[in-house]
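Work through these exercises with the model open. Try each task before you read its solution.

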Amino acid sequence: MTSLFWRDDAACRDADPRIFFPVYGSGRSTKATAEAKATCATCLVRIACRDFALEIGDDNGVWGGLSIHERRTARARRSANPSLSWDEVVPAPRPPLDEYFTSRIKVDDDGHTRWIYNGTSLFVDGQRRTPGQVAFLLGHGREPESRIHAECRVHGCITSGHLIDDRIRRERQAIQDDIAA
Ligand code: SF4
Ligand SMILES: [Zn+2]
């Protein structure tokens, strides 16, 4: 069975269902579809959502940034050429992770950052990650090499410059060893 674990991170989680599932022919469906697609463009789980809708063949509303018609077209294209991946049939650009992340944090006056979103993890590049791991990834431009911790010792702080992993510890130690040598 296809997993729905990505749903917690859906940008449409609290959206008005009339936008994502408009009554077609109501006169407002074109506008609603455009609004839904704009939300999908900011959604971090868009690829998982698109694949789910294409694979289960859901033919209601907007899923993964695609209208019913676009999903039918995509399925027809893939049926004609099963070697294509969904990405090759209907690419789903990922929204900028930093914008998504920034909209869910609050930076205190003293520079410590808190995660203020309900979910406690994010679905990024096919993996579930904690806000701290994402902060580290964005701030340091790489994955953490070990468990990370906030050296400011402020509980829950995810300011990237306050987060360190084993590699940073090793690099600091190497600098200290050089100075001492
Ligand atoms: S891609 Fe669109 S429909 Fe799918 S979860 Fe995200 S916002 Fe909702
Ligand atoms: Zn801090």
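The exercises below concern a predicted model.

**Exercise 1. The zinc site**

Task: State which residues coordinate the zinc ion (ligand 2), and work out the arrangement of the donor atoms.

Solution: 
- Begin with the donors. His 112 (ND1), Cys 152 (SG), Cys 157 (SG) and His 162 (ND1) coordinate the zinc ion (ligand 2), at 2.1 to 2.3 Å.
- Turn to the angles. The 4 donor atoms subtend 104 to 115 degrees. Four donors count as tetrahedral if all angles lie between 85 and 135 degrees. The arrangement is therefore tetrahedral.
- Read the spacing along the sequence. The donor residues follow H-x39-C-x4-C-x4-H.
- His 112 sits in the loop between β1 (105–107) and β2 (113–115), and Cys 152 in the loop between β5 (149–150) and β6 (163–164). The pair therefore ties together parts that are 40 residues apart in sequence.

**Exercise 2. Accessibility**

Task: Classify His 112, Cys 152 and Arg 153 as buried, partly exposed or exposed.

Solution: 
- The cut-offs come first: buried is under 20% relative accessible area, exposed is over 50%, and partly exposed is in between.
- His 112 has 11% relative accessibility, so His 112 is buried.
- Cys 152 has 25%, so Cys 152 is partly exposed.
- Arg 153 has 78%, so Arg 153 is exposed. Arg 153 also lies in the loop between β5 and β6. Its phi is near 65 degrees, a positive value in a residue other than glycine. Most residues other than glycine have a negative phi.

**Exercise 3. The surroundings of Arg 104**

Task: Locate Arg 104 and list its contacts beyond four places in sequence.

Solution: 
- Arg 104 is in the loop between α6 (97–102) and β1.
- Its relative accessible area is 12%, so Arg 104 is buried.
- Leaving aside neighbours within four places in sequence, Arg 104 is in contact with Arg 114, Trp 115, Ile 116 and Tyr 117.

**Exercise 4. Aromatic pairs**

Task: Describe how the rings of Phe 52 and Trp 63 are arranged.

Solution: 
- The structure holds 3 aromatic pairs.
- The ring centres of Phe 52 and Trp 63 are 5.6 Å apart and the planes meet at 35 degrees, so the pair is tilted.
- Phe 52 belongs to helix α3 (residues 46–56), while Trp 63 lies in the loop between α3 and α4 (68–80), 11 residues apart.
- Both Phe 52 and Trp 63 are buried.
- Elsewhere, ring pairs link Phe 101, Trp 115 and Tyr 117 into a cluster.

Definitions and conventions. Residues are numbered from 1 along each chain as its sequence is written. Chains are lettered from A and ligands numbered from 1 in the order in which they are written. This is a predicted model: local features need pLDDT of at least 70, side-chain atom pairs count only at pLDDT 80 or more; totals for chains, interfaces and linings use all residues. Side-chain values use heavy atoms; hydrogens and water are left out. Donors are N, O and S atoms within 2.8 Å of the metal (3.2 Å for Na, K and Ca); water is not among the atoms, so sites may look incomplete. Four donors count as tetrahedral if all angles lie between 85 and 135 degrees; four count as square planar and six as octahedral if opposite donors are over 155 degrees apart and all others between 65 and 115; anything else is irregular. Helices (H or I, at least four residues) and strands (E, at least two) are DSSP runs, numbered from the N terminus. Buried means under 20% relative accessible area, exposed over 50%, partly exposed in between (1.4 Å probe, protein chains only). Contact means heavy atoms within 4.5 Å. Rings of Phe, Tyr and Trp (its six-membered ring) pair if their centres lie within 6.5 Å; planes under 30 degrees apart count as stacked, over 60 as edge-to-face and the rest as tilted.
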